[in-house]
Amino acid sequence: PDSSLLYDVEIRPDGDGVLVCFQDMTAPEQAERMRRDFVANVSHELRSPLTALTGFIDTLRGPARDDVAARERFLGIMADEAARMNRLVGDLLSLSRVEEHERVRPRGRVDLTGLLTTTLNALRPTAEKNGVTLSLQAPDDPVDAPGDADQLRQVFNNLVENAVKYGGAGGTVDLRLSVSDHDGAVQGPAVRVQVVDHGAGIPAHHLPRLTERFYRADSHRSRELGGTGLGLAIVKHIINRHRGRLRIESEVGRGSVFTVILPR
Ligand code: ADP
């Protein structure tokens, strides 16, 4: 009766009667469609910098051959386009690596207070160049949790970079680390890290889709800032691997809060 479901139907003789088998193909069909969309998106994302590069190569070989100023400018643009492709390929590799290990729980323990401090210190110079101050509020005693340090660094790096890129107009980006003995989101003791910005915010209809690969709330701005559209997809997979939760809240004109909840 549900027309959105897909069935494979097989009818075969069985004793004195027939056996009719219905196999629900909805999930495999959707997975196949997602795979096709992903390949199409990757091809499209790689093609635009490649088109720009080949265009500039032709111009440098032809009309701009003897124009030193134009040559320098075009080489600058070509370097940016090559860097964009490099970021895209790097993010694609990260995504496939994370997916490969998604079912295997991380073994180590991570000093989250230390990890957040070094992440903020590394991002501070770029943030300050854009007029954004980064701050960390954390309990006095160091907080740790089970996890993979490199992957969690990538999570907070992506979230803070996004907060600076898209929400930096608010002037500050705050990180808040807290612990609780029982957090409903993970049904037990947990750690919460909130990345709070006071920027433009995200219209509500985008929120459920933000962690999809290549989904962008503001496509123009993302491309202008060199975004790959894969950052939050990577974040989501890493958090899944840690059996954690990602919560995104946002209000247009006031800013956004990305909350990572990890079992402790
Ligand atoms: P991108 O490479 O485009 O930044 P992400 O997967 O990291 O890709 O983010 C997806 C989209 O979510 C972004 O393109 C942007 O539109 C939106 N976004 C992410 N973080 C924020 C934020 N803090 N404030 C506003 N929009 C955001």
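A word on the model before we start. It is a predicted one, where local features need pLDDT of at least 70, side-chain atom pairs count only at pLDDT 80 or more, and totals for chains, interfaces and linings use all residues. Residues are numbered from 1 along each chain as its sequence is written, and side-chain values use heavy atoms, with hydrogens and water left out.

Let's begin with the whole chain. Its secondary structure comes to six helices and nine strands; these are DSSP runs numbered from the N terminus, H or I of at least four residues for helices and E of at least two for strands. The C-alpha trace spans about 85 × 60 × 35 Å along its principal axes. The radius of gyration, taken over C-alpha atoms, is 23 Å, while a compact globule of 264 residues would be near 18 Å (the globule rule is 2.2 Å times the number of residues to the power 0.38).

From the record, an unreviewed UniProt entry, comes the annotation "domain: Histidine kinase" over residues 41-264; positions are in the numbering used here, the feature name is shortened, and annotations may be inferred rather than shown by experiment. That stretch is 48% helix and 22% strand, and its end C-alpha atoms are 37 Å apart.

Now to the helix pairs. Two packed helices are described by the angle between their axes and the distance between the axes. Axes here are lines fitted to C-alpha atoms, for helices over the stretch in contact, with angles from 0 to 180 degrees between N-to-C directions.

How do α1 and α2 cross? Helix α1 (residues 26-61) and helix α2 (residues 68-100) have axes that come within 10 Å and cross at roughly 160°. They are therefore roughly antiparallel (over 145 degrees; under 35 is roughly parallel, 65 to 115 roughly perpendicular, and the rest oblique). The contact, meaning heavy atoms within 4.5 Å, includes Phe-38, Leu-46 and Phe-56 in α1 and Phe-74, Met-78 and Leu-92 in α2. By class, it has 19 nonpolar, one polar and four charged residues; Ala, Val, Leu, Ile, Met, Phe, Trp, Tyr, Cys and Pro count as nonpolar, Asp, Glu, Lys and Arg as charged, and the others, Gly among them, as polar.

Helix α2 also packs on helix α6 (residues 231-241), where the axes come within 9 Å and cross at roughly 20°. So α2 and α6 are roughly parallel. Asp-91, Ser-94, Leu-95, Val-98 and Glu-99 in α2 meet Ala-233, Ile-234, His-237 and Ile-238 in α6, and these divide into five nonpolar, two polar and two charged.

Among the contact residues are Leu-116 and Leu-123 of α3, and Phe-156 and Val-160 of α4. The class count here is eleven nonpolar, two polar and two charged.

Val-257 lies in strand β9 (residues 255-263). Its C-alpha is 5.6 Å from that of Val-195, 62 residues away in sequence. Beyond four places in sequence, Val-257 contacts Gln-194, Val-195, Val-196, Arg-247, Ile-248 and Glu-249.

Thr-211 is in the loop between β7 (188-197) and α5 (219-224). Not counting residues up to four places away, Thr-211 touches Leu-232, Ala-233, Lys-236, Leu-246 and Ile-248.
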